[in-house]
Amino acid sequence: VSAECVECDVVSGKKTPAGGIVLETPLFLVHALLAPTPLPGWVVLAPKRHARWWWELSPDELAALGPLAARVFEAQRAALDAEHGYAIALGDQLHHMHLHLVPRYKGTPAHLRGRLAFDAKPGDMASDAEAAAAAKKLALACVTEGS
Ligand SMILES: [Zn+2]
């Protein structure tokens, strides 16, 4: 755990996303965004231990990563009717390995598709209630998909 890491704060429970924790496994956490989201069901997948980036993940973590991402994408489709999901990893700002799993819906406007979702304006944001409802549905579906 790193003292000045927002992701470690989510793992330790010091910071709680409005949508809460969507899924916890022995190695990873999947949670809603801490900031307002333009796309309900947008989650971040990150290892529970502080790893700077993918090159610091253990063989066990690397082996779990793919199936876990697939499980979340499947849950976004099943529970939220997403027609596609983006996997986006940048790591310029947050130095704790993470992967954005961003749903794209039938009605997602062009200016929120792909990496443009990161440039969403305040007027594009879903309400906290909407974001929380989507995260809750996703959490239930993730449990189902994993069984
Ligand atoms: Zn961290």
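This report covers the pocket, the nonpolar core and selected residues of one predicted model.

Residues are numbered from 1 along each chain as its sequence is written, and side-chain values use heavy atoms, with hydrogens and water left out. Because the model is predicted, local features need pLDDT of at least 70 and side-chain atom pairs count only at pLDDT 80 or more, while totals for chains, interfaces and linings use all residues.

## Largest pocket

How much space lies in the largest pocket? About 590 Å³. The lining has 22 residues, and those closest to the pocket centre are Leu33, Gln93, His98, His100 and Phe118. By class, the lining holds 15 nonpolar, five polar and two charged residues. Helix α1, residues 6–12, gives the most to this lining, with three residues.

The terms are as follows. A pocket is an open set of points on a 1 Å grid over the protein atoms alone, where a 1.4 Å probe fits, with protein on both sides within 12 Å along at least five of seven lines. Lining residues have an atom within 4 Å of a point. The volume is the space filled by probe spheres set on the points, which are joined across faces, edges and corners. Nonpolar means Ala, Val, Leu, Ile, Met, Phe, Trp, Tyr, Cys and Pro; charged means Asp, Glu, Lys and Arg; the others, Gly among them, are polar. Helices (H or I, at least four residues) and strands (E, at least two) are DSSP runs, numbered from the N terminus.

## Nonpolar core

The largest nonpolar core has 35 residues. Val22, Val30, Val43, Leu45, Leu101 and Val102 have the most contacts inside it. Strands β1 (21–24), β2 (28–32), β3 (43–47), β4 (84–88) and β5 (99–104) each give two or more residues to this core, as do helices α2 (59–80) and α3 (128–146). A core here is a set of buried Ala, Val, Leu, Ile, Met, Phe, Trp, Tyr and Cys residues joined through side-chain atoms within 4.5 Å. Buried means under 20% relative accessible area, exposed over 50%, and partly exposed in between (1.4 Å probe, protein chains only). In soluble globular proteins, nonpolar side chains tend to be buried together.

Which residues does Val43 contact, leaving aside neighbours within four places in sequence? They are Val22, Val30, His31, Ala32, Val72, Gln76, Leu99, His100, Leu101 and Leu138. Contact means heavy atoms within 4.5 Å.

## Single residues

Arg104 sits in strand β5. Arg104 is buried, at 18% relative accessible area. Beyond residues up to four places away in sequence, Arg104 touches Ala82, Glu83, His84, Tyr86 and Arg113.

Asp81 lies in the loop between α2 and β4. Its phi is near 65°, a positive value in a residue other than glycine. Asp81 is exposed, with a relative accessible area of 62%.

Cys5 is buried at 3% relative accessibility. Cys8 is also buried, at 1%. How many disulfides are there? The count is zero, where a disulfide is a pair of cysteine sulfur atoms within 2.5 Å.

## Sequence versus space

The table sets separation along the chain beside C-alpha distance.

| Pair | Apart in sequence | C-alpha to C-alpha |
|---|---|---|
| Ala18 and Leu33 | 15 residues | 7.5 Å |
| His95 and Arg52 | 43 residues | 5.3 Å |
| Ala79 and Asp92 | 13 residues | 31 Å |
| Pro122 and Pro38 | 84 residues | 8.5 Å |

Ala18 is in the loop between α1 and β1. Ala18 is partly exposed, at 48% relative accessibility. Setting aside neighbours within four places in sequence, Ala18 contacts Leu33, Asp128 and Ala132.

His95 belongs to the loop between β4 and β5. His95 is partly exposed, at 39%. Not counting residues up to four places away in sequence, His95 touches His50, Ala51 and Arg52.

Ala79 is part of helix α2. Ala79 is partly exposed, at 23%. With residues up to four places away in sequence left out, Ala79 touches Lys137 and Ala141.

Is Pro122 buried or exposed? Pro122 is exposed, at 75% relative accessibility. Pro122 lies in the loop between β5 and α3.
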